[in-house]
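Read the sequence alongside the model below, and follow the sheet, then the ring pairs, then the pocket.

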Amino acid sequence: MDRALEEARAAACRGEVPVGAVVTGPDGEILAAAGNRTLELKDPTAHAELLAIRMACRKLGSERLVNCDLYVTLEPCGMCATAISFARIRRLYYGAPDEKMGAVEHGPRMFSQPTCHHRPDVYDGIGAQEAARILKEFFQQRRVAL
């Protein structure tokens, strides 16, 4: 999670919403790490989770990340939760909850839906205080700048 938090801080420095994600392989090796890049890439799907999943899939040469784990600083949204399921991520570790846009513990609770084909093991609250602090500071600074 430390590396995901680093990615979140780097995203904030780029003016992006500070979310970071890391995919690790079965042996714990980091396969991919990314932070949000929606503004930079002019792409609403360029969330940290999707970027990290795409990189890890390319590295492994597969559309599936079986036995891989995802660490992300914020509860994934519906789009990212669906991609996590499609990629067959083994375990999801996330930091801060997202009551507004989260889709794991909040909102649609994607992995609880009967139509969900794959449900990762979910561990929440990992690095939650630091992840929440980074987000809070980012949005406070943005409000001051407006």
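Five strands make up an open sheet of mixed pairing, ordered β2-β1-β3-β4-β5. Strands here are DSSP runs of E with at least two residues, and helices are runs of H or I with at least four, numbered from the N terminus; two strands pair if DSSP finds at least two bridges between them. The edges are β2 (30-35) and β5 (121-124), each with a single partner strand, so one side of each has no neighbour in the sheet. From one strand to the next the twist averages 15°, with angles taken from 0 to 180 degrees between N-to-C directions of lines fitted to C-alpha atoms, for helices over the stretch in contact. The model is predicted: local features need pLDDT of at least 70 and side-chain atom pairs 80 or more, while totals for chains, interfaces and linings use all residues. Residues are numbered from 1 along each chain as its sequence is written, and side-chain values use heavy atoms, without hydrogens and water.

Strand β4 (residues 91-96) pairs with β5 in the parallel sense over 4 bridges. Within β5, Y123 is the bridge partner of Y93. Helix α1 (residues 2-13) packs on the sheet and touches β1 (20-24), β2 and β3 (69-74), contact being heavy atoms within 4.5 Å. The direction of α1 makes about 145° with that of β1.

There are 3 aromatic pairs, counted where ring centres of Phe, Tyr and Trp (its six-membered ring) lie within 6.5 Å; planes under 30 degrees apart are stacked, over 60 edge-to-face, the rest tilted. Y71 and Y93 are stacked because their ring centres are 4.5 Å apart and their planes at 5°. Since Y71 lies in β3 and Y93 in β4, the pair ties together parts 22 residues apart in sequence.

Helix α5 (residues 128-145) gives the most to the lining of the largest pocket, with 3 residues.
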